[in-house]
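These are my notebook entries on a single chain. I set down what I looked up, entry by entry.

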Amino acid sequence: MLAATSPHHVLAATSPQNATEQLIGSIYVWLVTNGLQMVTWVLGGLIVIRLIRWSAAKYAARVDSSFHNSDLIVQTEDTKHRRALVDVVAWVLIVVVIAIVLIRFLVILNVPITGLTGPGAVIGAALGFGAQRVVQDILAGFFVVAEKQYGYGDVVSLMVTGGQNADGTVEDVTLRVTKLRTSEGEVITVPNGQIIKATNLSKDWARAVVDVPVPAKADIGLVNETLDRVGREFYATARWHDLLLDTPSSLGVTDLELDAITVRIVARTLPGKQFEVSRALRVSIVRALAAEGITVAAGHDAQSGAAPPATLADTVSAPGTDGRTDRDGGA
């Protein structure tokens, strides 16, 4: 026959002190089991993410060191593409690591993953409608990298939604955004899904263009001869010879006005060097014309910039992917 339980024993078993001790014991057991596992996964994930970022930074430093220690003036297209590809892969790996850690959290907390199929489908559909921009950005970023539209270090002009342009040097490319550094030092972040048109100003080679307005009464033959002479002397200058792929040449008259005639001179340059070359070429042209007694037309300025090839024949001797070409056989 079982002995009757004393009321004093019941009160002792359910006293606040024993309940507190049981609660503390349960928390301690959870901390040394599930809690320790969660902390371990978090620390492991942080270490892996840090390792991924360190590896990407190490590769970038090695690429920069190899470029500075080489004889190349500009980075090759393959190098710029690989640099962008490494950044994208690092970003994807970090997202994968975070996803794995979150899944392990659900497993440790005994949350049935299979039971989340239904609610997950509903949440996924809701997020699909709400995060269309994010999905669009990621898909657009994938094609930017896969199609080699531009890479790290390229000078680009991006037309974004709304018709505005974002111009600058590419500093970072991920599947979601592209970061540009402007000439004023500002950083522009452009979502890839909002890019309507991407103009790469440093792809394989570039073209420096200088439009020179001269008075309508000027001798056009003398102007063209002067421009050709300036181009030959400019190409022979050691400072600019390595940046040019061929001798700057005059294209003749490109615009007629009542009081001015515009003459254009062009030159193919290494990628991204067209602006530097065009500025120096403009100075040489103004000085040479002044020595011949020809001044820039009143109310006009000698404009410089960059332009695509004027004819298909200009692309026959385009340089290879290493940013150089045969100077003796160039157009």
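I took helices (H or I, at least four residues) and strands (E, at least two) as DSSP runs, numbered from the N terminus. For the span of a helix I expected 1.5 Å times one less than its number of residues.

**Basis.** The model is predicted: local features need pLDDT of at least 70, side-chain atom pairs count only at pLDDT 80 or more, and totals for chains, interfaces and linings use all residues. Residues are numbered from 1 along each chain as its sequence is written, and side-chain values use heavy atoms, with hydrogens and water left out.

**Whole chain.** I found 8 helices and 9 strands in the chain. For accessibility I used relative accessible area with a 1.4 Å probe and protein chains only: buried is under 20%, exposed is over 50%, and partly exposed lies in between. Of the 331 residues, 33% count as buried. I took contact to mean heavy atoms within 4.5 Å. Among contacts between residues at least 6 apart in sequence, 68% join residues at least 24 apart.

**Helix α8.** I looked up residues 274-291, which form α8, a helix of 18 residues. Its first and last C-alpha atoms are 26 Å apart, close to the 26 Å expected. Its buried residues are Q274, V277, S278, A280, L281, I285, A288 and L289. In general, an α-helix has 3.6 residues a turn, so residues three or four places apart point the same way. After α8 comes G293, whose phi is positive, near 80 degrees.

**α6 against α8.** I fitted axes as lines to C-alpha atoms, for helices over the stretch in contact, with angles from 0 to 180 degrees between N-to-C directions. The axis of α6 (residues 220-236) comes within 10 Å of that of α8, and the two cross at roughly 130 degrees. The pair is therefore oblique, since angles under 35 degrees count as roughly parallel, over 145 as roughly antiparallel, 65 to 115 as roughly perpendicular and the rest as oblique. From α6, V223, T226, L227, R229, V230 and F234 meet V277, A280, L281, S284, I285, A288 and L289 of α8. I sorted the residues of this contact into 10 nonpolar, 2 polar and 1 charged; Ala, Val, Leu, Ile, Met, Phe, Trp, Tyr, Cys and Pro count as nonpolar, Asp, Glu, Lys and Arg as charged, and the others, Gly among them, as polar.

**W240.** Is W240 buried or exposed? W240, in helix α7 (residues 238-241), is buried, with a relative accessible area of 9%. Leaving aside neighbours within four places in sequence, I found W240 in contact with F234, E276, V277 and A280. W240 and V277 are 37 residues apart along the chain, with their C-alpha atoms 7.4 Å apart.

**I196.** I located I196 in strand β5 (residues 195-200). I196 is exposed, at a relative accessible area of 55%. Beyond residues up to four places away in sequence, I196 touches M159, V160 and T161. The C-alpha atoms of I196 and G162 are separated by 9.3 Å, at 34 residues apart along the chain.

**K148.** I noted that K148 has a positive phi of about 55 degrees although it is not a glycine. Most residues other than glycine have a negative phi. K148 lies in the loop between α5 (132-146) and β1 (155-160) and counts as partly exposed at 37% relative accessibility.
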